[in-house]
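Please look over the structure shown here. The report after it walks through selected local features.

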Amino acid sequence: MGAEIKGIEYVLPANKVNNEDLAKKFPEYDFAKFEDKVGIKNRYWVDEGQTALDLAFDACQKLLNKYNKEDIDYLIYCTQSPEYFLPTTACILQDKLGLNKNIGSFDYNLGCSGYVYGVSLAKALIESGQCSNVLLVTSETYSKYIHPEDKSNLAIFGDGATATLISNSDTEKIGSFMFGTDGGGAEKLIIKNGAGKNKFNSCSPQLTYGSDNIYTDNHLYMNGPEIFNFTAENIPNFTDEVLKKNNILKEDPDFYVFHQANSFMLEFLRKRIKVDKEKFYINLEDSGNTVSNTIPIALKRLSGSFTDNSDKKVVIVGFGVGLSWAGGLITINKNI
């Protein structure tokens with residue numbers, strides 16, 4: 001028994017914010033230069049009363065319009081934007097979708113590596129015989145965590161949600177995976193206040209970083225240069241290890257789809273790994289960095305460009321907050 005990705009759908013909020021909109025708020029910042037370097041033109045943010053669960057529900061409904069929800073026997077929900085501290089949001093989503101009650105459901109808190117983890121988990125659940133059809137959901141609303149004067153993070157991050165159906169298969173269409181963790185870098189991308197260690201502090205002092213960006217410990221903080229260094233030091237060799245794990249050569253995959261952090265970083269990784277440009281998929285111009293959503297969004301967009309029904313081998317690699325990284329091999333076609 002093997003596992004395969006049968007379908008992927010995604011949704012973005014209605015509130016579209018382009019670089020011209022941000023330039024009006026931050027006239028001193030060169031967004032033309034930002035767009036050229038980072039590759040992001042638009043990002044989409046939820047409205048005040050909209051949550052990641054709302055986006056997740058819409059993405060799942062879009063997917064389940066094509067498949068029978070009665071067949072779903074496991075729900076995995078990747079989010080760092082939970083509806084509540086408890087209960088797990090996956091339980092609420094199960095009820096809102098009207099899924100069967102005799103299924104497994106849980107959240108897991110991972111960011112940019114989260115989708116790759118989820119595909120690996122779904123594969124393990126299916127191949128161990130515990131279930132047959134896993135609904136893998138990712139949803140994030142980082143816009144709620146960013147200080148309104150933090151122009152760098154406002155420009156980079158967008159909100160969104162995805163839903164992926166992973167099912168049992170007669171052939172193995174999901175290969176082997178590898179992982180990495182370095183909790184010593186936790187404070188390089190962090191929200192310090194609001195959970196168990198530090199309470200939310202309405203009087204938390206304003207701090208600055210980078211090019212006069214403002215944040216507090218209640219807000220998202222990202223040390224961009226350190227995240228870049230972590231990625232540059234770890235991901236190229238890690239990608240080689242993923243290829244070896246799957247017994248394939250660098251030229252064998254049809255495509256490489258990495259976490260869509262920014263085009264500058266992705267182009268750096270492509271050159272370091274020595275992958276042909278036409279095989280290394282970059283598409284974040286219209287959505288930005290949507291954290292755990294970027295890889296499934298990219299896979300869906302990539303599949304739309306396929307001109308035939310043949311299977312395509314794709315290496316997927318996620319990396320970021322944690323610090324956490326993961327990679328593996330999947331097979332997709334235009335019908336996902």
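The model is predicted, and local features are reported where pLDDT is at least 70.

## Helices H7 and H8

Start with helix H7, residues 224-245, and helix H8, residues 263-273. The two pack at an angle of about 35°, and their axes are 10 Å apart. Their crossing is right-handed. On the H7 side, the contact is made by Ile227, Phe228, Thr231, Ala232, Ile235, Pro236 and Thr239. H8 contributes Phe264, Met265, Phe268, Leu269, Arg272 and Ile273. By residue class, this contact has 10 nonpolar, 2 polar and 1 charged.

H8 also has partners beyond H7. Its buried residues are Ser263, Met265, Leu266, Glu267, Leu269, Arg270 and Ile273. They pack against helix H2 (31-38), H7, strand S13 (255-258), S14 and S16.

The N-terminal end of H8 is capped by Asn262. A side-chain oxygen of Asn262 lies 3.1 Å from the backbone nitrogen of Phe264.

Ser263 is found in H8. Is Ser263 buried or exposed? Its relative accessible area is 17%, under the 20% cut-off, so Ser263 counts as buried. A polar atom of the Ser263 side chain lies 2.8 Å from the backbone oxygen of Val38. Setting aside neighbours within four places in sequence, Ser263 is in contact with Lys37, Val38, Gly39, Ile282 and Leu284.

Just after H8 comes Lys274, with a positive phi of about 70°. Lys274 sits in the loop between H8 and strand S14 (280-281). Lys274 is exposed, with a relative accessible area of 66%.

## Helices H3 and H4

The second pair is helix H3, residues 52-64, and helix H4, residues 89-97. Here the packing angle is about 45°, with the axes 10 Å apart. H3 and H4 are therefore oblique to each other. H3 passes H4 in a right-handed crossing. From H3, the contact uses Leu53, Ala56, Phe57, Cys60, Gln61 and Leu64. From H4, it uses Thr89, Ile92, Leu93, Lys96 and Leu97. The contact residues divide into 8 nonpolar, 2 polar and 1 charged.

Cys60 lies in H3. How accessible is Cys60? Its relative accessibility is 0%, so Cys60 counts as buried. Cys60 and Leu93 are 33 residues apart in sequence, yet their C-alpha atoms are 9.3 Å apart in space. Leaving aside neighbours within four places in sequence, Cys60 is in contact with Leu93, Leu97, Leu135, Val137 and Ala163.

## Backbone features in loops

Some backbone geometry in the loops deserves a look. Most residues other than glycine have a negative phi, and most peptide bonds are trans. The table lists exceptions of both kinds.

| Site | Backbone feature | Value |
|---|---|---|
| Leu86 to Pro87 | cis peptide bond | omega near 5° |
| Gly322 to Leu323 | cis peptide bond | omega about -10° |
| Asp212 | positive phi, not a glycine | phi about 60° |
| Lys274 | positive phi, not a glycine | phi about 70° |

Where do these sites fall? Pro87 is in the loop between strand S4 (74-78) and H4. Leu323 is in the loop between strand S16 (312-320) and strand S17 (324-332). Asp212 is in the loop between strand S10 (207-209) and strand S11 (213-215). Asp212 is exposed, with a relative accessible area of 63%.

## Glu172

One more loop residue is Glu172. Its place is between strand S7 (160-169) and strand S8 (174-181). At 56% relative accessible area, Glu172 is exposed. Which residues does Glu172 touch, not counting residues up to four places away in sequence? They are Gly2, Ala3, Lys123 and Glu127. Tyr145 is 27 residues from Glu172 along the chain, and the C-alpha atoms of the two are separated by 39 Å.

How values were computed. Residues numbered from 1 in each chain as written. Predicted model: local features only at pLDDT ≥ 70, side-chain atom pairs only at ≥ 80, totals over all residues. Heavy atoms only, no water. Axes fitted to C-alpha atoms, helices over the stretch in contact; angles between N-to-C directions. Helix = DSSP H or I, 4+ residues; strand = E, 2+ residues; numbered from the N terminus. Left-handed = near helix turned anticlockwise from the far one by under 90°. Contact = heavy atoms within 4.5 Å. Nonpolar A, V, L, I, M, F, W, Y, C, P; charged D, E, K, R; others polar. Buried < 20%, exposed > 50% of the residue type's maximum accessible area, 1.4 Å probe, protein only. Polar contact = N/O pair within 3.5 Å; in protein donor to acceptor, adjacent residues only side chain to side chain. Parallel < 35°, antiparallel > 145°, perpendicular 65-115°, else oblique.
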